[in-house]
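Please keep the sequence and the three-dimensional view at hand while reading.

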Amino acid sequence: MLDPRLPAPFARELAADDNEGFTIALLTVADGGWPHQALISVGEIVALDDVRLRLATWPASTATRNLLATGRATLVAVVDAEVFAVRVEVAPRESGLELQVFDGRVVEARSDTAPYATVESGIRFRLHDPAAVSSRWRATRSALRSLG
């Protein structure tokens, strides 16, 4: 268990608007109690400080439906050979964006390592059109930050 804040290595990865490849598993609970995993990038999430974050999801997605129903999620990412799991409580907010925006607050953070092995990477991706996607990411992240 860590302090209930965004771990510094995780926050560092979220700081760059164009951190291509860094992937976060957004875990929610679906109807019937089953876990649901969606993958998000730095293009859909910003850390406002070490406790507050803001994320954007596609309005018709299962993740959005689950977040609206429960107000809870876990963000999982691998950074610097550690697996971080950050539990957040979220609330929807108006944004004027085509995406559903949630304000989140960290309620728990965990780090997982093993003394007998090193985690080398998490889920990663490569963009097909980095220039177009990076531009969209910067616009979305700027909008998320400016919502006040």
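A salt bridge is counted where a side-chain nitrogen of Lys or Arg lies within 4 Å of a carboxyl oxygen of Asp or Glu. The model is predicted, so local features need a pLDDT of at least 70 and side-chain atom pairs count only at pLDDT 80 or more, whereas totals for chains, interfaces and linings use all residues. Residues are numbered from 1 along each chain as its sequence is written, and side-chain values use heavy atoms, with hydrogens and water left out.

## Confidence

The pLDDT is the predictor's confidence in each residue, on a scale from 0 to 100. Where pLDDT is low, the predicted coordinates should not be read in detail. The protein chain has an average pLDDT of 95, and 100% of the residues score at least 70. Helices (H or I, at least four residues) and strands (E, at least two) are DSSP runs, numbered from the N terminus. Confidence is highest in helix α2 (residues 62-70), at 98, and lowest in α3, at a mean of 93.

## Salt bridges

By the rule stated above, the count comes to 12 salt bridges. The table lists three of them, including two that involve arginine 5.

| Aspartate 3 | Arginine 5 | 3.9 Å |

In the remaining pair of the table, arginine 52 has a relative accessible area of 41% and is partly exposed. Salt bridges with shared partners join Asp3, Arg5 and Asp50 into one network.

## Aromatic pairs

How many aromatic pairs does a search of the whole structure find? The search finds two. Rings of Phe, Tyr and Trp (its six-membered ring) pair if their centres lie within 6.5 Å; planes under 30 degrees apart count as stacked, over 60 as edge-to-face and the rest as tilted.

Phenylalanine 10 and phenylalanine 22 form an edge-to-face pair, with 6.1 Å from centre to centre and 80 degrees between the planes. This pair links distant parts of the chain, since phenylalanine 10 is in helix α1 (residues 8-15) and phenylalanine 22 is in the loop between α1 and β1 (23-29), 12 residues apart. Phenylalanine 10 is buried because its relative accessibility is 0%. Phenylalanine 22 also counts as buried, at 3%.

The rings of phenylalanine 125 and tryptophan 137 have centres 6.2 Å apart and planes at 85 degrees, so this pair is edge-to-face. It too links distant parts of the chain: phenylalanine 125 is in the loop between β7 (100-112) and α3 (130-146), and tryptophan 137 is in helix α3, 12 residues apart.

## Strands and turns

Two strands pair if DSSP finds at least two bridges between them. Strand β5 (residues 72-79) and strand β6 (residues 82-93) pair in the antiparallel sense over eight bridges. Within this pairing, threonine 74 stands opposite arginine 87 in β6.

The hairpin of β5 and β6 has two residues between the strands. Most residues other than glycine have a negative phi, and most peptide bonds are trans. Aspartate 80, in the loop between β5 and β6, has a positive phi of about 50 degrees although it is not a glycine. Alanine 81 is found in the loop between β5 and β6 and has a positive phi of about 65 degrees, although it is not a glycine. Alanine 81 counts as partly exposed, at 32% relative accessibility.

Strand β6 also pairs with β7 in the antiparallel sense, over 11 bridges. The bridge partner of proline 92 in β7 is phenylalanine 102. These strands form a hairpin with six residues between them, and glycine 96 in the turn has a positive phi of about 80 degrees.

Technical notes. Buried means under 20% relative accessible area, exposed over 50%, partly exposed in between (1.4 Å probe, protein chains only).
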